[in-house]
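Open the model in a viewer and follow the stops below. Each stop gives a selection and then what is found there.

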Amino acid sequence: MKVNQSEFIISAVRPEQYPEDGLPEIALAGRSNVGKSSLINRLINRKNLARTSSTPGKTQQLNYYKINQDLYFVDFPGYGYAKVSKEQRFAWGKMMEKYLLGREELKLVMQMVDMRHEPSKDDMMMNEWLRHHGLPLVVVATKMDKIPKTRRAKHIKVIKEALDLRPGDLFVPFSSEEGLGKEELWEIITRFAGIGQASAEEEPQAEENHEKNEING
């Protein structure tokens, strides 16, 4: 998908703050510092629309980013960060649960796990919860560039076994540094958001017109 426009919209904590334009929404969930902001920036080819932080637990709301007037990325607070109080973790959990189970515009959840490590108990609990509730899901294994090519298959196998992924379950190894997995992930996102076909038809036409203009110019 070619991204021509992207913008931060709102940090929401209550349903009445969510956008009301009915666009499809893609949620990003994962542990703190798993690379959600870096993934967003790589997908939209911008360096700092979604602000990355070395401080785990910084994201405390649902951060909405509008892409191409077509869809939203909804960045969740990172889970599993020990220094956040139990009360805060409980509040985040209730906010996310209310969104995930009640938001009609939600079309896909991207659960992100760090490819360098075996999935944590929080990763496994989140994955089981999402699947139990039948939410559309793709598991994205981030930081693939940190793993030597000869060891990537082993790390992927560990993740799939820990999360009990089966043939047909959506899984994308991803590198925000190198862009690996970007096209595959966009294909999944646009398909679930219902905009893939239109985007695929419009982009070649735009390129064709550009070539004609260059020739005629």
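Select S6 to begin: S6 is buried, because its relative accessible area is 11% and buried means under 20% (exposed is over 50%, partly exposed in between, with a 1.4 Å probe and protein chains only). S6 lies in strand β1; strands (E, at least two residues) and helices (H or I, at least four) are DSSP runs numbered from the N terminus. Leaving aside residues up to four places away in sequence, S6 touches I44, R46, L49, K66 and I67, where contact means heavy atoms within 4.5 Å.

This is a predicted model, in which local features need pLDDT of at least 70 and side-chain atom pairs count only at pLDDT 80 or more, while totals for chains, interfaces and linings use all residues. Residues are numbered from 1 along each chain as its sequence is written, and side-chain values use heavy atoms, without hydrogens and water.

Next, show the strands. Seven of them form an open sheet with mixed pairing, in the order β1-β3-β4-β2-β5-β6-β7; two strands pair if DSSP finds at least two bridges between them. β1 (6-12) and β7 (170-173) are at the edges with a single partner strand each, so one side of each has no neighbour in the sheet.

Now select β5, residues 106-114. Eight of its nine residues are buried. β5 runs parallel to β2 (residues 25-30), joined by six bridges, and also pairs in the parallel sense with β6 (residues 137-142) over six bridges. Pick Q111 in β5: A29 stands opposite it, and Q111 also stands opposite V139 in β6. For V109, the bridge partner in β6 is L137.
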